[in-house]
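Thank you all for making the time this morning. I would like to walk through one model with you, going from a loop to the sheets, then to the cores and finally to the aromatic rings.

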Amino acid sequence: MIYASDLDRTLIYSLGALSVPEDTPGLVPAEIIDGVTRSYISGRALQLLQELTADIIFMPVTTRTIAEYKRINLFQETLIPDYAVTSNGGNILVNGVVDQEWRSHIGSLVLQRSAEAEEVRQIVRSVVREEWIISERYCDELFFTYMVYRDLLPLDEINHMSERLHGLGWRVSLQGRKLYVVPEAVNKSDAIIHVRRTVRSEPMVASGDSLLDKSLLESADYAIAPCHGEIFAEQQVTQVKLKYPFTECRGVFAGDEIMLYVQRIYHNLTTLGVGPQ
């Protein structure tokens, strides 16, 4: 069985996303930069994840760049996955090394299907004013990330911009204070499908919280999302019934429910003789 999961606000949480005080018992540092803890994981979730990885393939799937992923101490020192998908699917790491064949494939698709990055940047900057932006990055030569003052963003204009960019082969996602602008070909589900062919392991459980995770969740056999983030917010507005459940807890301890769900699916499949493979 494969367990493919988004990281930030799904398994690990920055201080602003914890939803509990930083000194709450049960939190384990996941990412430490210059001696300062930048994100945590629930100790219970970590314990369950460590127990399961003895029998299943755990695959982090993140929008983080390669460098940002590699600074997560948890996945470099404590629990080291054989595979990781970074850059929102633009890069696949196999034992920490970039799969260059996949990277070239993605680069070709971006050129074929999406408008050039500079054209897209100019559209974004024509809508998102300089004073609303804290920082701008072109990540791994694939997509843009803008750190913004979210409260200042006019959401109607952002939605109109999103529709315009959709027609140019790009997708927009607003997660907390980060605005992502990503080429259509750079997505998590296609990267996971590629890795699934490689490892030849079925079935797959997935978890994630943002709209950039939707394709990942929809491509999985089983999925779960925390009751915070873009997917939950969208479901609350549209009331569209999804094929996967939400946790009852929000914040860092949603990770406990997610891991208990993964554990339950694994045990059920094992009982039925479906897994592990």
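Glu141 is exposed, with a relative accessible area of 57%, where exposed means over 50% relative accessible area, buried under 20% and partly exposed in between, computed with a 1.4 Å probe on protein chains only. Before I go further, please keep in mind that this is a predicted model, in which local features need pLDDT of at least 70 and side-chain atom pairs count only at pLDDT 80 or more, while totals for chains, interfaces and linings use all residues. Residues are numbered from 1 along each chain as its sequence is written, and side-chain values use heavy atoms, with hydrogens and water left out.

Glu141 sits in the loop between E9 and E10, the helices (H or I, at least four residues) and strands (E, at least two) being DSSP runs numbered from the N terminus. Although Glu141 is not a glycine, its phi is positive, at about 60 degrees. E9 and E10 make a hairpin with three residues between them, and Asp140 in the turn also has a positive phi, of about 50 degrees. A further non-glycine residue with a positive phi is Arg9, at about 70 degrees; Arg9 belongs to the loop between E1 and E2 and is partly exposed, with a relative accessible area of 28%.

Let me follow the hairpin into its strands. Strand E9 (residues 133–139) and E10 run antiparallel and are joined by six bridges, and two strands are said to pair if DSSP finds at least two bridges between them. Cys139 stands opposite Phe143 in E10. E10 is also joined to E12 by four bridges, again antiparallel, and here Phe144 stands opposite Val181 of E12. How many of the six residues of strand E10 (residues 143–148) are buried? Five of them are, and the strand is accordingly described as mostly covered.

Elsewhere, three strands form an open sheet in the order E2-E4-E3, with antiparallel pairing. Its edge strands are E2 (13–14) and E3 (27–33), each of which pairs on one side only. Between E3 and strand E4 (residues 36–42) there are six bridges in the antiparallel sense, and Leu27 has Ser42 in E4 as its bridge partner. Helix H1 (residues 43–52) lies across E3 and E4, running at about 65 degrees to E4; axes are lines fitted to C-alpha atoms, for helices over the stretch in contact, and angles run from 0 to 180 degrees between N-to-C directions.

Now to the interior. A nonpolar core here is a set of buried Ala, Val, Leu, Ile, Met, Phe, Trp, Tyr and Cys residues joined through side-chain atoms within 4.5 Å. The largest one has 32 residues, of which Ala4, Met59, Ile106, Ile192, Met204, Leu216 and Leu217 touch the most other members. Among the elements that give two or more residues to this core are strand E1 (2–5), helix H4 (100–113), helix H7 (188–199) and helix H8 (214–219). Apart from it lies another core, of 31 residues, including Tyr69, Phe75, Ala84 and Leu269.

Leaving aside neighbours within four places in sequence, Leu216 is in contact (heavy atoms within 4.5 Å) with several residues, among them Ala4, Val61, Ser189, Ile192 and Met204. Ser189 lies in helix H7 and is buried, with a relative accessible area of 10%. The side chains of Ser189 and Ser215 are joined by a polar contact of 3.4 Å, that is, a pair of N or O atoms within 3.5 Å; within protein, one must be able to donate a hydrogen and the other to accept it, and residues adjacent in sequence count only if both atoms are side-chain atoms.

Finally, the rings. The structure holds nine aromatic pairs, for which rings of Phe, Tyr and Trp (its six-membered ring) must have centres within 6.5 Å, planes under 30 degrees apart counting as stacked, over 60 as edge-to-face and the rest as tilted. Phe58 and Phe75 have ring centres 5.8 Å apart and planes at 45 degrees, so this pair is tilted. Phe58 is in strand E5 (residues 57–60) and Phe75 in helix H3 (residues 74–78), 17 residues apart. Phe58 is buried at 4% relative accessible area, and Phe75 is buried at 1%. Ring pairs link Tyr3, Phe58, Tyr69 and Phe75 into a cluster.
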